[in-house]
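User: I would like to go through the packing in this model. Could you take me through it step by step?

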Amino acid sequence: MTKTKVKITFLVILVGISSMLAAVVTDHWAVLSPRVERLNTTCEAAHFGLWRLCKKSIFIVEEDPQGKGCGPISLPGVKNCSYFKHFTSGEEAEVFEVKTQKEYNISAAAIAIFSLAFMTLGSLCLLGAFGKGRDYLLRPAGMFFAFAGLCIVISVEIMRQSVKRMIDSDETIWIEYYYSWSFACACAAFTLLFLSGISLLIISMPHMPRNPWETCMDAEPEPID
């Protein structure tokens with residue numbers, strides 16, 4: 001029964017790992033948009049993730065049904081992507097830092113790397129736990145996956161604050177935003193990995209007797225002098 005529970009948890013963890021990798025390597029955490037006052041003009045929308053920000057010039061011929069912003073981002077246009085520097089130098093980097101709140105993204109990316117490290121350690125422990133007599137590895141596996149989930153949710157919150165500061169800043173043209181599918185993948189990864197980690201910790205706990213006298217009945221009788 002325990003092995004069945006572990007296998008089911010492992011399948012859930014695989015989905016969580018896939019969501020985590022999708023969130024970390026893609027750049028659709030949030031979509032930013034300036035307000036469009038008139039049609040038949042070009043506006044500049046943007047989307048970004050942990051590693052880069054992509055700007056897209058879109059020619060608007062009709063109103064966005066979801067609002068007055070520039071988009072949707074799926075419309076054709078000229079795209080230009082810049083990596084967060086961790087990465088850039090010179091005057092351009094200084095302007096870039098002000099406009100994108102670079103320190104937020106660096107922090108989110110660094111914590112996401114810790115999350116990937118915990119996830120890798122958890123995977124190694126869980127795979128080892130399938131070996132005979134290695135159930136003791138379930139507990140560290142559960143802890144590592146729970147830590148991975150906590151790290152990614154911290155990255156999510158940092159990115160939320162980054163978006164808020166970019167929208168509120170006078171240095172940017174963007175005044176509207178919404179969270180996109182990479183952000184949803186990160187939230188799903190947190191939920192799946194954290195809950196799976198807690199499940200593994202519960203599964204690895206010692207068996208509790210169903211009846212108060214079960215342990216006493218199983219004990220060896222004391223010798224009578």
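User: Which residues is I152 in contact with, leaving aside its neighbours within four places in sequence?
Analyst: I152 is in contact with M20, S115, A186, A189 and F190, where contact means heavy atoms within 4.5 Å. This is a predicted model, in which local features need pLDDT of at least 70 and side-chain atom pairs count only at pLDDT 80 or more, while totals for chains, interfaces and linings use all residues. Residues are numbered from 1 along each chain as its sequence is written, and side-chain values use heavy atoms, with hydrogens and water left out.

User: Is I152 buried or exposed?
Analyst: I152 is buried, at 0% relative accessible area. Buried means under 20%, exposed over 50%, and partly exposed in between (1.4 Å probe, protein chains only).

User: Now the rings. How many aromatic pairs are there?
Analyst: The count is seven aromatic pairs. Rings of Phe, Tyr and Trp (its six-membered ring) pair if their centres lie within 6.5 Å; planes under 30 degrees apart count as stacked, over 60 as edge-to-face and the rest as tilted. The ring centres of Y177 and Y179 are 5.6 Å apart with planes at 75°, so this pair is edge-to-face.

User: And what about F190 and F194?
Analyst: Their ring centres are 5.8 Å apart and the planes lie at 25°, so F190 and F194 are stacked. F190 is partly exposed at 24% relative accessibility, and F194 is partly exposed at 24%.

User: Which residues do ring pairs link into a cluster?
Analyst: The cluster consists of W29, Y177, Y179 and F183.
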